[in-house]
Amino acid sequence: MKENNVIEVKGLTKMFGDFTAVSAITFNVKKGEIFGFLGANGAGKTTAIKMLIGISKPTAGEAKVAGFDVGSEAEDIKKNIGYMSQKFALYDDLTVRENITFFGGIYGLSRARIKEKTNELIEELGLQDFTDKLVGSLPLGWKQKISFSVSLLHEPKIVFLDEPTGGVDPITRRQFWEMIYKSASKGTTIFVTTHYMDEAEYCDRVSIMVNGKIEALDTPKKLKELYNTETMNDVFLKLARG
Amino acid sequence: MKRFRGFVIKEFYHIFRDKRSLFILFGMPIAQILLFGFAITNEINNVDIAVLDHSKDATTEEIINKIAASSYFSIDQFIERESDIETVFKQGKIKAVINIEKDFSQKLIKDGKAHVQIITDATDPNTANTIYNYVTAILQNYQRSKNNNITMPYQISPQTRMVYNPELKSVFMFVPGVMTIILMLVSAMMTSISITREKELGTMEILLVSPLKPFQVIVGKVVPYIFLSVINAIVIVVLSIFIFKMPVEGSIFLLGLESVLFIITALALGILISTIATTQQTAMMISLMGLMLPVILLSGFIFPIASMPLILQVISNLVPAKWFIIIIKGIMLKGVGLQFIWKETLILLGMTVFFIGLSVKKYKIRLE
């Protein structure tokens with residue numbers, strides 16, 4: 001593994017019976033990078049992410065995440081990554097504070113550390129009046145911001161965000177991306193999937209998956225030049241339509 | 001361990017903040033035990049009957065007085081015509097009519113034989129049967145008292161003793177059954193629902209990505225329900241002892257251990273269901289159809305297994321509840337120790353190991 005790479009993927013493949021969901025994908029992600037992982041629905045993004053976060057075993061190929069092998073060292077990977085899924089995933093019937101305490105707890109943070117982190121997080125998100133409100137009573141955009149902060153509680157090296165901004169208004173999305181930038185600037189690597197092509201423009205590098213393969217991988221600027229288009233949206237359409 | 005404790009605390013928040021699950025957990029056991037104990041009963045008491053006496057002589061009056069004197073029946077009315085019989089049944093209050101033929105005394109003396117007709121409303125067959133048995137018993141009793149001074153060439157006199165439940169209280173039968181149902185419901189249904197809920201909400205994925213091991217997640221979800229089921233078992237036993245005077249002849253300690261074993265069997269079933277079901281609704285349907293029905297129908301709780309068709313008798317062996325009911329009846333009513341119920345205990349233990357093994361296997365497949 002090169003000094004700078006936090007994710008190294010080589011020929012990673014996943015088969016379900018005869019169906020190849022992910023077909024020999026190869027790429028690297030550098031430390032502190034915001035890496036956009038794009039693709040149409042069913043292109044194999046979620047399957048690929050599941051292998052990288054250690055809850056699905058690859059059929060072939062190899063991948064190292066935070067220096068650990070996804071096949072044999074999944075448990076070590078789990079300690080070093082954060083994950084936020086497309087399904088919103090805090091507990092609605094727990095308060096903001098209880099959610100933070102719970103997730104801090106399962107990552108093995110000490111009680112003092114959890115308290116410190118809770119205050120920090122509440123300060124940052126301006127949630128002082130809502131600490132002891134049930135999460136279920138908060139607007140979706142807030143929940144997603146809390147969810148993102150919670151996935152960063154244990155200060156992981158890499159955060160995987162699977163369509164984090166689905167169903168959120170543009171202003172909240174903007175704020176969300178500011179949060180992403182902020183943690184990337186602190187050295188956290190961000191691995192993000194999205195369907196919003198304006199968000200793709202915010203990424204340092206972008207890969208586009210079509211039918212289980214990575215068809216393009218570069219900075220948004222270079223991709224637009226390569227495909228001779230104005231926007232990432234057009235790049236995506238050109239690739240996805242074949 | 002610390003991670004695990006946080007997990008269990010979270011699980012208790014879920015339970016105590018959900019009014020529906022709270023009701024199922026604590027309202028239902030109490031409601032069921034009281035309902036079964038008081039409302040649903042096989043005994044008859046003060047059943048209203050009518051008498052159609054065509055003779056109206058000394059003997060028939062004696063018989064009628066005997067019947068009226070028993071606490072089982074109260075004579076609501078005397079009717080005069082055969083055609084009234086149907087009318088009183090249709091009105092619904094009268095459950096039986098005692099129809100005494102004409103010239104009863106004379107026939108009895110002359111022929112040594114006279115007839116009493118017992119007509120019962122068999123829209124409820126169980127009650128009809130019981131009424132018939134009780135009236136017959138009263139008549140036979142009367143006959144015996146009349147024949148006392150005559151010696152018959154042969155006489156078989158049955159001496160009946162109802163052991164373990166001398167008063168034939170049906171609540172003694174219902175308590176073990178209700179306890180089984182409740183433990184099954186709380187343990188299997190509630191756990192399978194709470195696990196599938198995490199799947200539905202997407203939090204299960206987050207938990208699997210966390211450093212928590214899958215078995216820690218499952219055990220963490222299950223521990224609160226073990227705790228609550230034990231409390232439920234205690235509530236049921238205490239209620240049945242103090243309200244229904246149900247005896248606990250055997251060791252309370254053994255009863256407790258066996259209950260914990262059954263709770264774990266049910267939890268294992270719940271986990272197994274949650275590996276199959278992906279939504280809370282499916283989990284609930286599978287629990288209700290796949291677990292509750294067999295518990296009610298095939299466990300011997302209400303319908304005796306011995307009188308079922310052979311195929312059902314064989315199937316009933318697969319129902320864990322059947323074995324648990326045998327165990328608790330044994331301990332509570334007969335006061336038996338482990339030496340009499342080790343076989344049933346072993347069967348439950350074997351089932352539990354099997355269900356857990358199967359869930360672990362299923363769970364692994366799912367993660368692949």
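The model is a predicted one.

**Around strand β7 of chain A**

- Strand β6 (residues 81–84) of chain A runs parallel to β7(A), and four bridges join them.
- Within that pairing, I158(A) in β7(A) has I81(A) opposite.
- Strand β8 (residues 189–193) of chain A also pairs with β7(A) in the parallel sense, over five bridges.
- Here the bridge partner of I158(A) is T189(A) in β8(A).
- To get from β7(A) to β8(A), the chain passes through α6(A), and this β-α-β crossover is right-handed.

**Two helices side by side**

- Helix α6 (residues 170–185) of chain A has an axis that comes within 10 Å of the axis of helix α5 (residues 140–151) of chain A, and the two cross at roughly 10°.
- α5(A) and α6(A) are therefore roughly parallel to each other.
- From α5(A), the contact is made by G141(A), Q144(A), K145(A) and F148(A).
- From α6(A), T172(A), Q175(A), F176(A) and M179(A) take part.
- By type, the residues of this contact between α5(A) and α6(A) are three nonpolar, four polar and one charged.

**The open sheet of chain A**

- Four strands of chain A form an open sheet in the order β2-β1-β4-β5, with antiparallel pairing.
- Its edge strands are β2 (19–30) and β5 (68–69) of chain A, each of which pairs on one side only.
- Two bridges join β5(A) to strand β4 (residues 60–65) of chain A, and these strands run antiparallel.
- At β5(A), F68(A) stands opposite V65(A).
- Helix α1 (residues 45–52) of chain A lies across β1 (5–16), β2 and β4 of chain A, at about 120° to β1(A).

**Where chain B touches chain A**

- Each side is counted in residues: 21 residues come from chain A and 21 residues from chain B.
- On the chain B side, the elements giving two or more residues are α1 (2–17) and α8 (203–209) of chain B.
- The most comes from α1(B), with eight residues.
- The chain B side divides into nine nonpolar, five polar and seven charged residues.

Notes. Residues numbered from 1 in each chain as written. Chains lettered and ligands numbered in written order. Predicted model: local features only at pLDDT ≥ 70, side-chain atom pairs only at ≥ 80, totals over all residues. Contact = placed C-beta atoms within 7 Å. Nonpolar A, V, L, I, M, F, W, Y, C, P; charged D, E, K, R; others polar. Pairing = 2+ DSSP bridges. Axes fitted to C-alpha atoms, helices over the stretch in contact; angles between N-to-C directions. Parallel < 35°, antiparallel > 145°, perpendicular 65-115°, else oblique. Right-handed = clockwise from strand over helix to strand, strands pointing away.
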